[in-house]
Amino acid sequence: KKNFIKIAPRASVLHLAMHAVLNDKDPLESQLVFSGSNTDGYSRLFTVEELFGMDLSADLVVLSACNSGNGKLNKGEGIMSLSTGFQYAGVPSVVMTHWDVNDKYSADLMADFYTNLAKGLEKSKALHQAKLDMINRGSTIYSHPYYWAGFTLIGNESAIVAKKSGINRSLEFLLPIFILLIFALRTKRKSNG
């Protein structure tokens with residue numbers, strides 16, 4: 001939890017594969033359960049209320065945890081869930097679950113999802129294609145909706161575009177100039193030679 005709090009504000013994608021605990025009576029107390037001990041002064045439990053106090057810049061959060069999209073329906077606010085907490089913290093896209101998910105099959109689905117994102121697909125299409133890939137694996141168990149249908153994307157569906165560092169931007173600008181300079185020098189040599 002301590003590492004998450006430290007690193008999460010700078011991450012562009014957050015993937016949390018862990019246990020989640022819903023609290024329908026007090027949705028702000030629904031929790032993600034981190035590993036480790038409480039000896040470092042941090043509880044292992046991370047609540048929706050704590051998420052509200054964070055400022056996250058991630059393009060996407062994947063909550064590969066059981067029931068991460070379920071919660072109490074509040075009039076005027078919608079469903080208050082773990083996924084809602086990440087939206088309040090500033091994340092425009094969240095992949096969440098609607099029931100208890102199987103670790104092994106979820107990992108396979110997520111591997112396909114990230115492969116599709118890396119190909120430049122929009123988030124919704126990347127998840128849809130990952131589900132189709134699960135169905136078409138040829139195994140009856142993989143094709144059963146229990147293993148893939150519980151994952152849903154909410155929010156911004158656009159593709160994730162890799163952010164370029166200042167060096168990459170400089171190279172993009174300087175490379176064409178360098179190529180033109182080489183071309184000009186070669187043309188000059190040919191005319192002189």
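Colleague: Which residues have the most contacts inside the largest nonpolar core?

Modeller: Phe4, Leu14, Leu16, Leu32, Met54, Leu56 and Phe86, in a core of 24 residues. A nonpolar core here is a set of buried Ala, Val, Leu, Ile, Met, Phe, Trp, Tyr and Cys residues joined through side-chain atoms within 4.5 Å. Buried means under 20% relative accessible area, exposed over 50%, and partly exposed in between, with a 1.4 Å probe and protein chains only. This is a predicted model, in which local features need pLDDT of at least 70 and side-chain atom pairs count only at pLDDT 80 or more, while totals for chains, interfaces and linings use all residues. Residues are numbered from 1 along each chain as its sequence is written, and side-chain values use heavy atoms, leaving out hydrogens and water.

Colleague: Which elements each supply at least two residues of that core?

Modeller: S1, helix H2 (48-52), S5, helix H3 (82-88) and S8. Helices (H or I, at least four residues) and strands (E, at least two) are DSSP runs, numbered from the N terminus.

Colleague: What does Phe4 touch?

Modeller: Leaving aside residues up to four places away in sequence, Phe4 touches Pro9, Leu14, Leu16, Phe34, Phe46, Met54 and Phe86. Contact means heavy atoms within 4.5 Å.

Colleague: And which residues does the second, separate core include?

Modeller: Cys66, Met134, Tyr142 and Phe151 are among them; that core has 19 residues.

Colleague: Back to S5. Are its faces covered or open?

Modeller: Both are covered, with Leu60, Val62 and Ser64 buried on one side and Val61 and Leu63 buried on the other. Strand S5 (residues 60-64) has 5 of its 5 residues buried, so the rest of the structure largely encloses it.

Colleague: How many bridges join S1 to S5?

Modeller: 5, and strand S1 (residues 13-17) runs parallel to S5. His15 has Val62 as its bridge partner in S5. S5 also pairs with strand S8 (residues 93-97), in the parallel sense, over 2 bridges. There Val62 stands opposite Val95. Two strands pair if DSSP finds at least two bridges between them.

Colleague: What order does the open sheet of 3 strands have?

Modeller: S2-S3-S4, with antiparallel pairing. Strands S2 (19-21) and S4 (45-47) are at the edges with a single partner strand each, so one side of each has no neighbour in the sheet. On average, neighbouring strands of this sheet are turned by 25 degrees against each other, direction ignored. Axes are lines fitted to C-alpha atoms, for helices over the stretch in contact, and angles run from 0 to 180 degrees between N-to-C directions. S2 pairs with strand S3 (residues 31-33) over 3 bridges, and His19 stands opposite Val33 in S3.

Colleague: Switching to rings. How many aromatic pairs are there?

Modeller: 7 in the whole structure. Rings of Phe, Tyr and Trp (its six-membered ring) pair if their centres lie within 6.5 Å; planes under 30 degrees apart count as stacked, over 60 as edge-to-face, the rest as tilted. Phe4 and Phe46 are edge-to-face, 5.3 Å centre to centre with 75 degrees between the planes. Phe4 lies in helix H1 (residues 2-7) and Phe46 in strand S4, so this pair ties together parts 42 residues apart in sequence. Both Phe4 and Phe46 are buried.

Colleague: What about Tyr105 and Tyr147?

Modeller: Their pair is tilted, at 4.4 Å centre to centre and 55 degrees between the planes.
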